[in-house]
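Please keep the sequence and the structure in view while reading.

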Amino acid sequence: MDYRLLGNSGTVVSSLTLGTMTFGSEADEPTSHAIIDAFIAGGGTFVDTADVYSGNESERIIGRWLRDHPTDAQQVVLTTKGRFPQGDGPNDLGTSRRHLRVALDASLERLGVDHIDVYQMHAWDALTPIEETLRFLDDAVSAGKIGSYGFSNYLGYQVTKAVYEARLHNWAPPVTLQPQYNLLVRDIEHEVVPACLDAGIGLLPWSPLAGGWLSGKYQRDEAPTGSTRLGEDPKRGMEAWEARNADERTWKVLDAVSAVADAHGASRSQVALAWLLARPAVTSVILGARTVEQLQDNLGAADLVLDPAELQTLTEASAPRIDDYPYGTAGVAQRERKVTGGR
């Protein structure tokens, strides 16, 4: 396992993170605890959860593991998230001081700790002034309730706005951003990645295997069935079977992943994860596992080193579409005119 600084902080974390959204839903408590055991045994230290995962149960399951493993718990770098509803009242959601105060204290209680290493805002809140959110987070750092903070699912301008508001008021800066990022979903490279690189913020990609697409479990024109997420619901959200199956880019990417995997005798999942680990600004990649076996296969990505030619092959095969202004050909022409003094 490789270890890296967490964004612009001095905290060191494993390059692979244990995501726990499955805990309490797709993985029962004994399985969840076995997954944590395997992650720690594999050199992992960074554990990610959120107050809405499995209706708070993920935090409780982790809290009981921390209580029962005091020695190993000392090495765990823990992150959770707040923002989404925790009740039916009008103030039971968002990133207001009122909601975050209650949400943070509730997470601390469920986890059985007095300090969370990284507290992340689960999504942007258009109603709450960013200054209010940042001031609460700075106060939480000063109070010792959190070590640092970050965001999830923010746009590039939202990241930059938060960074410079924190600098303006001399508040603690954000250190992480948790976005969807994988070989099939690379749109954050337009604005979000540059914003994070500019601020020294570390990326923590979620859905690194694109909901299982990059693991090699799906075949062209063969609709999934059975117990997989898409088998249960082929129209499921961003991973919908029909749209991805009909997109030739999907199979171009999967063919490239398969070729690199075969050359290394590695799994498709390990190749997709290794590519992400080599991307700019990425600090740690979040693994979501329902079984110990899934996790152990994914952990193999930590030891897989792809050469520059292989990385380039994967990068070219998965190149995001940038046909529209301002990122495509029209945008390039506009930037060139600006450089040469034209309009």
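Two strands are said to pair if DSSP finds at least two bridges between them; helices (H or I, at least four residues) and strands (E, at least two) are DSSP runs, numbered from the N terminus. The model is predicted, and local features need pLDDT of at least 70, side-chain atom pairs count only at pLDDT 80 or more, and totals for chains, interfaces and linings use all residues. Residues are numbered from 1 along each chain as its sequence is written, and side-chain values use heavy atoms, with hydrogens and water left out.

Strand 3 (residues 16–19) pairs with strand 10 (residues 285–288) in the parallel sense over 4 bridges. Within this pairing, glycine 19 has glycine 288 of strand 10 as its bridge partner. Strand 3 is also joined by 3 bridges to strand 4 (residues 46–48), and these two strands run parallel. Here threonine 17 stands opposite phenylalanine 46 of strand 4.

What covers the picture of strand 3 is the burial of its residues. In a regular strand the side chains alternate between the two faces of the sheet. In strand 3, Leu16 and Leu18 lie on one side and Thr17 and Gly19 on the other, and all are buried (under 20% relative accessible area, with exposed meaning over 50% and partly exposed in between, for a 1.4 Å probe and protein chains only).

Aspartate 48 belongs to strand 4. This residue is buried, with a relative accessible area of 2%. Not counting residues up to four places away in sequence, aspartate 48 touches Thr17, Leu18, Gly19, Thr20, Tyr53, Thr79, Lys81, Gln120, Gln178 and Ile286, where contact means heavy atoms within 4.5 Å.

Strand 3, helix 1 (residues 29–41) and strand 4 form a right-handed β-α-β unit; a crossover is right-handed if, with the strands pointing away from the viewer, the path from the first strand over the helix to the second runs clockwise. Axes are lines fitted to C-alpha atoms, for helices over the stretch in contact, and angles run from 0 to 180 degrees between N-to-C directions.

Elsewhere in the sheet, strand 7 (residues 146–152) and strand 8 (residues 176–178) run parallel and are joined by 3 bridges. Glycine 150 has threonine 176 of strand 8 as its bridge partner. The loop between strand 7 and helix 6 (156–169) holds asparagine 153, which has a positive phi of about 65° although it is not a glycine. Asparagine 153 is partly exposed, with a relative accessible area of 35%.

A positive phi, near 65°, is also found at aspartate 221, a residue other than glycine. Aspartate 221 lies in the loop between strand 9 and helix 8 (229–232) and is exposed, with a relative accessible area of 59%.

Helix 4 (residues 97–111) and helix 5 (residues 130–142) pack at an angle of about 35°, with their axes 9 Å apart. Their contact is made by Arg97, Leu100, Arg101 and Leu104 of helix 4 and by Glu132, Thr133, Arg135, Phe136, Asp139 and Ala140 of helix 5.
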